[in-house]
Amino acid sequence: MGMAERKHALNVKRSEDFSAWYQAVIQGAELAENASVRGCMVIKPYGFAIWERVQRLLDDKFKELGHVNAYFPMFIPVDLFEKEAEHVAGFAKEMAIVTHHRLEQQNGKLVPAGELETPLAVRPTSELIIGESMARWVKSYRDLPVLVNQWCNVVRWEMRTRMFLRTAEFLWQEGHTAHETEAEARAEATQMHEVYRWFILDVLKMFGIPGKKPDYDRFAGAVDTYTIECMMQDGKALQAATSHYLGQNFAKAVGIEFQGRDGSLNYAHTTSWGISTRIIGGLIMSHSDDDGLNLPSAVAPYHIIMIPMLKADNSQAVLDYCNKIKASLPRDVRAFLDTREFSPQNKKWDYVRKGVPLILEIGSNEVKSESVYFTKRLFLEKQSMSLNEFAKSVEQLIAAHDEMLKTHCEEACEKRINRDVSSLYEMRDFFRSNQNGFVIAKWAGKNDKLELLDDMSISIRCIPSLQSGAPGRCVLTGEEAATDAVFAKSD
RNA sequence: CGGGAAGUAGCGCAGCCUGGUAGCGCAACUGCCUUGGGAGCAGUGGGUCGGAGGUUCAAAUCCUCUCUUCCCGACCA
């Protein structure tokens with residue numbers, strides 16, 4: 001076209017280097033930074049504000065459904081893990097262990113002394129330590145169900161870490177419940193699966209396919225694992241939240257036993273479910289662009305930023321007018337007036353990188369004409385409006401932002417779903433040529449991994465729990481194909 | 001944990017091969033100028049060159065070790 005390309009707010013393009021771009025978004029929006037400790041991150045105030053929104057929305061929902069919050073220790077005696085064989089096998093390799101309780105000076109160096117008799121694991125998840133409590137709390141069917149949740153940090157010593165997506169320490173919420181019957185526990189697991197679907201798809205406007213994990217990929221110790229498999233803008237899958245029906249495995253391991261209605265002793269049926277700070281990485285990779293972050297309004301720290309365009313002769317009038325704008329907005333609209341003494345231009349691009357949905361620039365002209373001039377973050381469209389009209393329609397503007405975010409993300413992802421693959425070889429070709437995406441195909445339901453796909457890091461992400469769109473075709477000729485499965489690459 | 005790359009000012013980088021006063025762009029600060037839009041000009045401040053040890057008269061530069069980060073695998077939320 002001959003037109004010079006617009007300068008972008010980030011200096012890395014998503015299409016050129018996805019992973020460098022991902023990190024540039026985080027840095028540009030001041031979400032987090034690497035800590036000096038391997039694999040750990042500092043979540044900066046703006047990033048944490050997003051997490052606080054996530055917490056608030058989910059916590060309200062959990063409580064609405066009858067759950068209560070509690071707190072359990074972060075140290076778990078290692079021998080407690082020995083009680084559930086599959087569970088410990090699944091987590092052993094990534095466990096951080098505390099072996100000492102004291103430091104001593106030796107040649108000017110601090111060295112651990114006072115070895116512990118029983119080493120303590122730093123929790124990678126809390127099924128066992130919470131189950132141990134539940135075993136004390138539950139005597140009768142009348143004590144059930146137990147519906148607890150905790151917001152906490154957990155540690156998994158991963159080999160390769162990526163900010164928000166896989167850090168050695170991360171924040172999450174873990175719900176743990178115990179029930180009288182299998183049916184009740186299964187209903188709980190699927191209910192929380194639906195809560196996560198609602199949150200990730202409807203609230204965060206991400207694209208994902210809710211479903212069940214194939215047997216070989218369940219949570220260690222679970223009977224059934226449900227997941228929301230989200231598609232990122234590089235076409236790869238991200239497991240965004242999981243809920244598990246644990247059967248009686250953990251109840252037997254720690255002794256959650258109760259006397260039933262008929263007088264007999266029974267083991268409870270338990271569930272667990274969680275979502276972590278990984279979801280912020282998912283948000284970034286779902287909605288951000290070459291100008292930085294884009295946020296759905298539900299978790300955006302600010303809906304509106306007002307940048308005053310101050311000159312020597314107008315500053316009070318402009319500031320007064322900004323406050324008037326703020327006062328005229330509905331209460332639940334989060335508007336912020338940035339009076340810091342940086343240049344308005346730099347402030348504007350800061351907020352573009354931070355993904356604030358509506359960025360207002362207010363100067364003398366706006367004061368004179370009682371209007372607002374603003375940039376809509378998503379496509380950087382500029383618009384002018386009378387203050388009256390703006391105050392009346394601001395909620396619609398925000399709703400429109402969310403709607404566009406949703407549509408934009410969904411359409412891009414739908415385009416990358418392939419339901420026409422009819423053999424594993426065709427699947428390989430698809431992933432080789434199409435820069436990733438999801439393949440939906442019939443799968444025979446066998447537990448073995450599909451080794452033909454292993455070398456390409458393609459795996460079955462889930463067996464969708466809701467039918468949407470046309471069914472996939474069979475990829476294993478001669479097999480009795482039962483269900484659709486989602487195949488994708490993941491990091 | 002295997003293979004590769006990298007760490008120099010807040011950010012992005014040059015300098016290293018061939019050892020000799022720590023540099024550039026952006027950002028910041030001061031002044032002037034400009035004023036509807038990521039301005040311009042001049043000036044200023046900011047670095048124990050990731051850390052430790054070694055070689056040397058002299059180390060950002062050479063050697064050894066170590067920490068951290070990034071990429072590709074394996075593993076996983």
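User: Two strands pair if DSSP finds at least two bridges between them. On that rule, in what order do the 5 strands of the open sheet stand?

Analyst: The model is predicted. The 5 strands form an open sheet, and the pairing is mixed. Its edge strands are β16 (335-337) and β19 (381-386), each pairing on one side only. The twist averages 25° from one strand to the next. The order is β16-β15-β17-β18-β19.

User: How many bridges join β18 to β19?

Analyst: Strand β18 covers residues 371-376 and runs antiparallel to β19. Within this pair, T375 stands opposite K382 in β19. The number of bridges joining the two strands is 6.

User: At what angle to β15 does α10 run?

Analyst: Helix α10 lies across β15 (304-308), β16, β17 (358-362), β18 and β19. Its direction is then compared with that of β15. The angle is about 170°.

User: Which strand's direction makes about 135° with that of helix α12?

Analyst: Helix α12 (residues 387-415) packs on the sheet. It touches β15, β17, β18 and β19. The angle of about 135° is with β19.

User: Which residue of β6 stands opposite F75?

Analyst: An open sheet of 3 strands has the order β4-β6-β5, with antiparallel pairing. Its edge strands are β4 (75-77) and β5 (96-106), each pairing on one side only. The twist averages 45° from one strand to the next. Strand β6 (residues 109-122) is joined to β4 by 3 bridges, and the residue opposite F75 is V122.

User: Helices α2 and α8 come within 10 Å. Are they roughly parallel or roughly perpendicular?

Analyst: Helix α2 spans residues 45-64 and helix α8 spans residues 278-287. Their axes cross at roughly 110°. Angles of 65 to 115 degrees count as roughly perpendicular. Therefore α2 is, relative to α8, roughly perpendicular.

User: How many charged residues are there in the contact of α2 with α8?

Analyst: From α2 come G47, I50, W51 and V54. From α8 come I279, I280 and L283. By class, 6 are nonpolar and 1 is polar. The number of charged residues is none: there are no charged.

User: How many residues surround RNA strand B?

Analyst: The closest are S19, R160, T167, R278 and N365. By class, the surface near the RNA strand has 7 nonpolar, 17 polar and 14 charged residues. The residues surrounding RNA strand B number 38.

User: Which helix gives the most to the surface near RNA strand B?

Analyst: Helices α1 (18-28), α10 (344-354) and α11 (364-369) each supply at least two residues. The top contribution is 4 residues. That helix is α10.

User: What percentage of the atoms of RNA strand B within 4 Å of the protein belong to sugar or phosphate?

Analyst: These atoms divide between sugar or phosphate on one side and bases on the other. Bases account for the rest. The share belonging to sugar or phosphate is 50%.

User: How far does a polar side-chain atom of R160 lie from a phosphate oxygen of RNA strand B?

Analyst: A polar contact is a pair of N or O atoms within 3.5 Å. R160 is also among the closest residues to RNA strand B. Its polar side-chain atom lies from the phosphate oxygen at 2.3 Å.

Notes
Residues numbered from 1 in each chain as written. Chains lettered and ligands numbered in written order. Predicted model: local features only at pLDDT ≥ 70, side-chain atom pairs only at ≥ 80, totals over all residues. Heavy atoms only, no water. Axes fitted to C-alpha atoms, helices over the stretch in contact; angles between N-to-C directions. Parallel < 35°, antiparallel > 145°, perpendicular 65-115°, else oblique. Contact = heavy atoms within 4.5 Å. Nonpolar A, V, L, I, M, F, W, Y, C, P; charged D, E, K, R; others polar. Near = heavy atom within 4 Å. Polar contact = N/O pair within 3.5 Å; in protein donor to acceptor, adjacent residues only side chain to side chain.
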